[in-house]
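Here is the note you asked for on this model, written as numbered points. Please read it with the coordinates open beside the text.

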Amino acid sequence: MGKGRGDSGTLEWKVNIPGGRSETLEPESGFFGRMWRRLRGIFGGFLLKIWRFLEKAWGIGVAEPRKLVHCVKVGLALSIVSLFYYMRPLYDGVGGNAMWAVMTVVVVFEYTVGATLSKSINRTVATFLAGSLGIGIHWVATQSGERFEPIILGFSVFILAALATFSRFIPSVKTRFDYGASIFILTFSLVSVSGYRVEKLIGLAQTRLSTIAIGTSLCILTSMLFCPIWAGNELHSLITHNLEKLSDSLHGCIAEYFHQNETEVSSGEDCSKKLQGYKCVLNSKGTEDSMASFAIWEPAHGNFNFRHPWKQYLKLGASMRSCACCIEALNGCLDTKVEAPEFLKDHLQDVCMILSSCSSKVLKELMITMKTMRRSSKIDFFVREMQSAAQDLQNAMTSLPNTLPVPPPDTAKGEPGIKTTIPPLMKVLPLATLVSLLIEIATRIEDIVDNVDKLAGLAEFRPAKDDKRKQNQSTITPISENRDHETMAAIQKV
C-alpha cells in the first residue's frame with residue numbers, strides 16, 4: 001500500500017495487487033452519498049423482488065394455461081354483468097340492486113364447472129328459501145301487532161340461524177350444502193331485520209332474487225360455454241397421474257437400494273422427483289374429496305355420464321394412499337445407517353428387482369386402463385406374474401441358510417481363510433424389512449386392481465380388444481349355424 005498525488009493534486013491511496021497491478025482506494029463519501037447508496041440498494045432490491053415475482057407468475061401461466069383462461073372468463077363475466085349498471089334500460093329494470101349481480105359473480109365464479117354449479121345452485125335455492133320464510137314470518141309478525149312483532153322476528157332469527165348453523169356440522173350437509181346454509185343464514189337475517197323498517201319488502205326480495213339469478217346464470221353459462229374445466233375430468237386425470245407416480249416411485253426405490261440407477265438415462269434431478277412421487281399421492285386426499293363433491297353437480301360430458309360413479313374414485317384413491325404409505329416406509333430403508341451384508345443383497349437382488357418390475361407393470365397397465373377408459377386384456381396376466389414373483393421372493397427369503405461362508409482375512413499368514421458365521425440380526429433386519437414391505441405392496445396393489453375393476457364395471461369402460469374379437473366371433477357363429485339350418489331345410493323340401 002502506498003500513497004501519492006492524483007491529477008487534481010489530492011492525496012490518494014493505492015493498493016498493490018500481485019501481478020504488477022495496483023488499485024486506487026476511493027475515499028468515503030459524505031452523509032448524502034451514503035444515504036443515496038442505501039436508497040439505491042433498497043430500490044434495487046425491491047425491483048429485484050418484483051422481477052422474481054413476475055418470473056414466477058409467468059412460469060405458473062406457462063405451466064398451467066387453463067388458469068389464465070379462468071382469469072379471462074372471470075373478467076368477461078364481470079364485464080357483462082357490469083352492463084346492468086352502465087346501461088340505463090337495464091339499470092331501470094333492476095335499480096340499485098344491480099350491485100347484487102356483480103357481487104354474485106365475484107363470489108360464485110369458481111375454477112371448475114362443478115364448483116360454479118354447486119355455489120350457484122346453493123346460493124339461488126338458499127336465497128329463495130330464506131326470502132320466502134322471511135316474508136312469511138314478517139307477515140305473521142305484522143298480524144300479531146306492534147308489541148309482539150320485534151319479539152317474533154328476533155325469536156325466528158335465533159331459531160332458524162341456530163338450526164342452519166347446526167346443520168353445517170352434519171357431514172352430508174357440510175359436503176354439498178355448506179355454502180347454501182351460510183347464504184340462508186345471511187339472507188334470512190337481512191330480510192327479517194330490514195323488513196322491520198322497510199315497507200315494500202316483497203318488491204325488495206323479488207329484485208334481489210332476480211339479480212342473484214342473473215349473476216348465477218351468467219356464471220354458469222360462461223364457465224360451461226367458454227373453455228370449460230370439468231371437475232370430473234380433473235379428478236380422473238389426478239387418479240391416472242397418481243398411478244404413474246406410484247409405479248415410478250416403487251421401481252425407483254428398489255433400484256436405488258440395490259444401486260441399479262447407474263443404468264438410468266435420466267438425470268439425477270428427474271430421478272429424485274420420481275422417487276418422491278408417492279408424496280403427491282399421500283397429499284391428494286383433500287383434492288380428491290373436493291373434486292368428487294363438485295363432479296356430482298356436473299352434467300354429462302365427454303366419457304362421463306350423468307350418474308358417473310364418482311364415489312368409487314374416492315375408494316380407489318384410498319387404496320392408492322394405502323400403497324403409498326408402504327412405499328414411504330420402503331423409501332425410509334434407503335436412509336438407514338445399518339446396511340445389510342453384500343452377500344445377502346446379492347442373494348435377494350434379482351428376485352426383489354423382478355417383483356418391483358412386475359408391480360410397476362401392473363400399476364402402469366392400470367394407468368393405461370384409466371387413461372383410455374378401456375378394460376385391459378393383459379392385467380390378469382400381469383397380476384399372476386406379480387403373485388408368482390412375490391412367492392419366489394418368499395421362497396428365497398425362507399431358503400436363506402442359517403450360516404453362510406464368509407472369508408475373513410487371516411492375519412497370521414496373510415491368506416484368506418473360510419469361516420462359517422451367522423450374520424448379526426441388526427444387519428439382516430433392514431433387508432428383511434424391505435422384503436416384507438415389497439410383499440405387502442404387492443398385496444395392496446391387488447386391492448388397487450380390484451377397485452379399478454369395480455370402477456370399470458360401474459362406469460362401463462369399453463371392453464378390451466380381445467373381448468371385442470370374441471364377441472364378434474360369438475355373433476358370427478350363430479349366424480352361420482342358422483344359415484346351415486336353412487340350407488338343410490331347403491334340401492329336405494326338395
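Predicted model: local features only at pLDDT ≥ 70, side-chain atom pairs only at ≥ 80, totals over all residues.

The points below go from the overall fold to the cores, the surface, the cysteines and the salt bridges.

1. Overall description. The protein chain has 494 residues, of which 35% count as buried, and its secondary structure consists of 18 helices and five strands. Where contacts link residues at least 6 apart in sequence, 75% of them join residues at least 24 apart. The accessible surface of the chain is about 30,400 Å², and carbon and sulfur atoms account for 62% of that surface.

2. The largest nonpolar core. In soluble globular proteins, nonpolar side chains tend to be buried together. Here the largest nonpolar core contains 65 residues, and V362, M370, L434, I445 and I448 are the ones with the most contacts inside it. At least two residues of this core come from each of helix 10 (231–257), helix 12 (277–282), helix 13 (285–295), helix 14 (310–332), helix 15 (342–372), helix 16 (379–398) and helix 17 (425–458). Helix 17 is the one that gives the most, supplying 15 residues.

3. Which residues does I445 contact once its neighbours within four places in sequence are left aside? The contacts of I445 are L250, C323, S359, V362, L363 and M386. Apart from the core described above lies another core, of 23 residues, which includes F84, A98, V102 and C219.

4. T369 in helix 15. T369 is found in helix 15 and counts as buried, because its relative accessibility is 6%, against a limit of 20%. When residues up to four places away in sequence are not counted, T369 touches R374, R375, S376, V452 and F461. The C-alpha atoms of T369 and I379 are separated by 9.2 Å, the two residues being ten apart along the chain.

5. The nonpolar patch on the surface. L76, I80, L83, Y85, Y86, M87, M99, M103, L221, L225 and F226 form a nonpolar patch on the surface, and together they have about 1,100 Å² of accessible area. Helix 2 (65–81), helix 3 (83–86), helix 5 (98–108) and helix 9 (201–225) are the elements that give two or more residues to the patch, with helix 3 contributing the largest share, three residues. M99, one of the patch residues, has its place in helix 5 and counts as partly exposed, with a relative accessibility of 36%.

6. Cysteines. How many disulfides does the structure hold? The number is zero. C326 is in no disulfide, and the nearest cysteine sulfur, that of C323, is 6.6 Å away; the pair cannot be counted as a disulfide because the cut-off between sulfur atoms is 2.5 Å. C326 is buried, with a relative accessible area of 6%, and C358 is also buried, with a relative accessible area of 6%.

7. The structure holds ten salt bridges. Are the two partners buried or partly exposed? E234 is buried, at 18% relative accessible area, whereas R66 counts as partly exposed, at 40% relative accessibility.

8. Two further salt bridges. The side chains of K119 and E110 meet in a salt bridge with an N to O distance of 2.9 Å; K119 counts as partly exposed at 22% relative accessibility, and E110 counts as partly exposed at 27%. K174 forms a salt bridge with D178, where the closest N and O atoms are 4.0 Å apart. K174 and D178 are separated by about one helical turn, because they lie four residues apart in helix 8 (residues 171–194). K174 is partly exposed, with a relative accessible area of 48%, while D178 is buried, with a relative accessible area of 19%. Salt bridges that share partners join R168, K174 and D178 into one network.

Terms used. Residues numbered from 1 in each chain as written. Heavy atoms only, no water. Core = buried A, V, L, I, M, F, W, Y, C linked by side-chain atoms within 4.5 Å. Buried < 20%, exposed > 50% of the residue type's maximum accessible area, 1.4 Å probe, protein only. Contact = heavy atoms within 4.5 Å. Areas by Shrake-Rupley, 256 points an atom, 1.4 Å probe, with all protein chains shown as cover. Patch = residues over 30% accessible without salt bridge, like charges linked within 9 Å, V, L, I, M, F, W, Y side chains within 5 Å.
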